[in-house]
Amino acid sequence: MTSKALRHPVRLIPLGFLAGIAVGTLLLLLPIARAGPGGAPLLVALFTATSAICVTGLAVVDTGTYWSPLGQLIILLLIQIGGLGIMTAATLLGLIVSNRLRLGRRLLAQAETRTMALGDVSEALRLILMVVLSVQAVIGVALFLRLHFGYDEPIGTAAWNGLFHAVSSFNNAGFARWSDSVMGFASDPLMLGPLMIAVVLGAIGFPVLYELKREPWTPRTWSLHTKLTLVGTAGLLFV
């Protein structure tokens, strides 16, 4: 296979995810990534890295007790990378550094974000960065305040729990630091509310958020994809 063929977005995106899984597995194999003695078994590290970067939420160990803070941070980064899409994350980095996009990177970003036109990619990527940071920051602060003042968690613990679960919920990853996931908060709307908002905003997707930003008050100009997503989401939640 030629290098030109390998650079095609359709091939680069799965290759990028495979590379992320490989790097994540190696990092989780480090002894300092595990809370207990010794390093994690290869299968545990591989499965966890795959689940995190593919944002499935399946876990074979208790995330909060099996992994050290470094291990949990690695999982959090894998979730973030997987949620954004490796190609989108790489393009965002290039955009921040050089404030310009080459055609090849624009095509990669378009393939990953499914934006409508090539010229929209730069603006869409800025929106992605803004939405991710803004939503996760707001949700993280809301969770931190509730955990610290409502459950008397120390500031550091509450901040880490707030950040971890804000990122996990926004990316629909399903990972939690608590052994019972969020069952302990089943009757607490101040905990579940922010988590649900993050889940919905992350689930409807960046193309929809991008279009809503451009034309927020003119539904007749929305694409069929945006209309179906919003109506379908609202309908399913109501039913």
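User: Happy to start with Thr-229: is Thr-229 buried or exposed?
Analyst: In this predicted model, Thr-229 is found in helix H12, which covers residues 224-238. The cut-off for calling a residue buried is under 20% relative accessible area. Thr-229 has a relative accessible area of 17%, so Thr-229 counts as buried.

User: Which residues does Thr-229 touch, not counting residues up to four places away in sequence?
Analyst: Good one to check in the viewer. Starting from Thr-229 in helix H12, leave out residues up to four places away in sequence. The residues that Thr-229 then touches are Ile-204 and Val-208.

User: Ile-204 is in helix H10, so which residues of H10 are buried?
Analyst: Helix H10 runs over residues 189-204. In H10 the buried residues are Met-191, Gly-193, Pro-194, Leu-195, Ala-198 and Ile-204.

User: How many Å does H10 reach from its first C-alpha to its last?
Analyst: Helix H10 has 16 residues. At 1.5 Å a residue, the expected reach is 22 Å. The reach in the model is close to that expectation, at 22 Å.

User: What sits at the start of H10, and which backbone nitrogen does a side-chain oxygen reach there?
Analyst: The residue to look at is Asp-188, at the start of H10. A side-chain oxygen of Asp-188 comes to within 3.0 Å of a backbone nitrogen. That nitrogen belongs to Leu-190.

User: Where is Asp-152 found, and is Asp-152 buried or exposed?
Analyst: Asp-152 is found in the loop between helix H8 (121-151) and helix H9 (155-170). Most residues other than glycine have a negative phi. Asp-152 has a positive phi of about 60° although it is not a glycine. With a relative accessibility of 65%, over the 50% cut-off, Asp-152 is exposed.

User: What is the relative accessibility of Asn-172?
Analyst: Asn-172 is in the loop between H9 and H10. Asn-172 is not a glycine, yet its phi is positive at about 55°. Asn-172 counts as partly exposed, and its relative accessibility is 34%.

User: Let's move to H3 and H5: how is H3 oriented to H5?
Analyst: Two packed helices are described by the angle between their axes and the distance between the axes. Helix H3 (residues 42-53) packs against H5 with the axes 7 Å apart and an angle of about 40°. That angle makes H3 oblique to H5.

User: Which residues in H5 meet H3, and how many residues of each class are in the contact?
Analyst: From H3, the residues taking part are Thr-48, Ala-49, Ala-52 and Ile-53. In H5 they meet Ile-75, Leu-78, Ile-79, Ile-81 and Gly-82. By class, the contact of H3 with H5 comes to seven nonpolar, two polar and no charged residues.

User: What separates the C-alpha atoms of Leu-77 and Ala-52?
Analyst: Leu-77 lies in H5, residues 69-84, and at 48% relative accessibility Leu-77 is partly exposed. Leu-77 and Ala-52 are 25 residues apart along the chain. Their C-alpha atoms are separated by 8.7 Å.

User: Ser-51 is in helix H3, so which backbone nitrogen lies 3.4 Å from a polar atom of the Ser-51 side chain?
Analyst: At 4% relative accessibility, Ser-51 is buried. Not counting residues up to four places away in sequence, Ser-51 touches Thr-56, Gly-57, Leu-58 and Phe-175. The backbone nitrogen lying 3.4 Å from a polar side-chain atom of Ser-51 is that of Gly-57.

User: Which residues is Ser-68 in contact with, leaving aside its neighbours within four places in sequence?
Analyst: Ser-68 lies in the loop between helix H4 (63-66) and H5. Ser-68 is buried, with a relative accessible area of 8%. Its contacts beyond those neighbours are Ile-32, Ala-33, Arg-34 and Ala-35.

User: Finally, how many helices and strands does the chain have?
Analyst: The chain has 239 residues, of which 42% count as buried. Its secondary structure comes to twelve helices and zero strands.

Notes: Residues numbered from 1 in each chain as written. Predicted model: local features only at pLDDT ≥ 70, side-chain atom pairs only at ≥ 80, totals over all residues. Heavy atoms only, no water. Helix = DSSP H or I, 4+ residues; strand = E, 2+ residues; numbered from the N terminus. Expected span 1.5 Å × (residues − 1). Buried < 20%, exposed > 50% of the residue type's maximum accessible area, 1.4 Å probe, protein only. Polar contact = N/O pair within 3.5 Å; in protein donor to acceptor, adjacent residues only side chain to side chain. Contact = heavy atoms within 4.5 Å. Axes fitted to C-alpha atoms, helices over the stretch in contact; angles between N-to-C directions. Parallel < 35°, antiparallel > 145°, perpendicular 65-115°, else oblique. Nonpolar A, V, L, I, M, F, W, Y, C, P; charged D, E, K, R; others polar.
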